[in-house]
Amino acid sequence: MPDERQRIADNVAQVEQRISQAAQRSGRTRDDVLLVAVTKYVGVDIVRSLVEAGCRTLGESRPQDLWTKAEAIDDPTVEWHLIGHLQRNKIRRTLPRLSWLQSVDSRRLLEALDHETASRGQPLRVLLEVNVSGDVDKTGFSIDEASRLAEQLGQWSHLEIGGLMAMSALESDAESARQDFARLRELRDAMQRQCPPSILLRHLSMGMSRDYEVAIEEGATMVRVGSALLEGVIA
């Protein structure tokens with residue numbers, strides 16, 4: 001529908017402006033932050049409208065939804081990121097569609113991904129998910145687990161481990177979210193000092209619709225935004 005497409009385009013433009021302003025406040029430029037448009041809970045028509053509005057990097061939480069939407073869109077200029085949990089029995093079908101797997105949340109998954117990627121002949125770009133807020137309902141490495149993992153990251157040689165991903169606490173306000181994001185940045189910096197030289201933890205994926213501007217101010221290189229792009233389109 002024309003009105004729906006226009007509303008999405010307007011929302012994308014507004015989010016882009018806010019990303020630019022937040023990047024400027026952090027001493028960076030718009031190009032330093034990747035917008036990952038989250039397509040969770042929306043159908044293919046809305047995904048197409050997001051792509052038409054300029055969103056070329058899309059994020060899905062469920063592998064089977066990613067399969068369906070990636071097949072329907074079938075656009076080589078669109079990149080897909082998985083931002084939710086990946087079960088090991090879905091690895092083989094999911095990897096060919098992925099540009100990034102942002103949600104590696106266990107050593108067992110690292111090992112399974114490395115094994116599968118070895119047979120594919122090209123590295124897989126991944127982020128380590130960290131439960132930085134300590135919420136009991138969240139997946140991810142604890143801060144201590146992630147820290148202890150740093151020196152071992154070179155052993156998964158078929159993976160390109162590019163940084164960390166996290167969410168702020170579910171009930172957090174802006175200041176609490178800022179503390180979570182700063183904690184993730186500090187963890188990344190500490191891990192980088194301990195990593196093998198071949199591992200470069202360039203990326204911090206943090207911040208969603210409610211707090212992506214704060215996340216950028218604290219160093220995010222990727223933000224995962226859904227509802228802010230779809231305001232006025234879905235309930």
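Strand β1, helix α2 (residues 44–52) and strand β2 form a β-α-β unit of right-handed sense. A crossover is called right-handed if, with the strands pointing away from the viewer, the path from the first strand over the helix to the second runs clockwise. From β2 the chain passes through helix α3 (residues 63–73) to β3, and this β-α-β crossover is also right-handed. Helices (H or I, at least four residues) and strands (E, at least two) are DSSP runs numbered from the N terminus. The model is predicted, and local features need pLDDT of at least 70, side-chain atom pairs count only at pLDDT 80 or more, and totals for chains, interfaces and linings use all residues. Residues are numbered from 1 along each chain as its sequence is written, and side-chain values use heavy atoms, with hydrogens and water left out.

Strand pairing was assigned where DSSP finds at least two bridges between two strands. Strand β1 (residues 34–38) pairs with β2 in the parallel sense over two bridges. Within this pairing, Ala 37 has Leu 58 of β2 as its bridge partner, and Val 38 is partnered by Gly 59. β1 is also joined to strand β8 (residues 222–225) by four bridges, and these two strands run parallel. Here the bridge partner of Ala 37 is Val 225.

Burial was classed by relative accessible area (buried under 20%, exposed over 50%, partly exposed in between; 1.4 Å probe, protein chains only). β1 is mostly covered, with four of its five residues buried. In a regular strand the side chains alternate between the two faces of the sheet. In β2 (residues 57–60), Thr 57 and Gly 59 point one way while Leu 58 and Glu 60 point the other way, and all are buried. The buried residues of α2 include Ile 46, Val 47, Ser 49, Leu 50 and Val 51. Just after α2, Gly 54 takes a positive phi of about 110°.

Most residues other than glycine have a negative phi, and most peptide bonds are trans. Tyr 41, in the loop between β1 and α2, has a positive phi near 75°. This tyrosine is exposed, since its relative accessible area is 72%. Asp 74, in the loop between α3 and β3, likewise is not a glycine but has a positive phi of about 45°. Asp 74 counts as exposed because its relative accessible area is 59%. The loop between β1 and α2 also holds Gly 43, which is partly exposed at 39% relative accessibility. The C-alpha atoms of Gly 43 and Lys 69 are separated by 8.0 Å, although the two residues are 26 apart along the chain.

The structure holds zero disulfides, a disulfide being a pair of cysteine sulfur atoms within 2.5 Å. Cys 55 is buried, because its relative accessibility is 4%. Cys 195, with a relative accessible area of 10%, is therefore buried as well.

Grid points are joined across faces, edges and corners, and a volume is the space filled by probe spheres set on the points. The largest pocket has a volume of about 550 Å³. It is lined by 24 residues, of which Val 38, Lys 40, Ser 61, Ile 83 and Met 208 lie nearest its centre. Ten of the lining residues are nonpolar, eight polar and six charged. In this classification Ala, Val, Leu, Ile, Met, Phe, Trp, Tyr, Cys and Pro are nonpolar, Asp, Glu, Lys and Arg are charged, and the others, Gly among them, are polar.

Notes: On a 1 Å grid over the protein atoms alone, a cavity is a set of points where a 1.4 Å probe fits but cannot get out, and a pocket is an open set with protein on both sides within 12 Å along at least five of seven lines; lining residues have an atom within 4 Å of a point.
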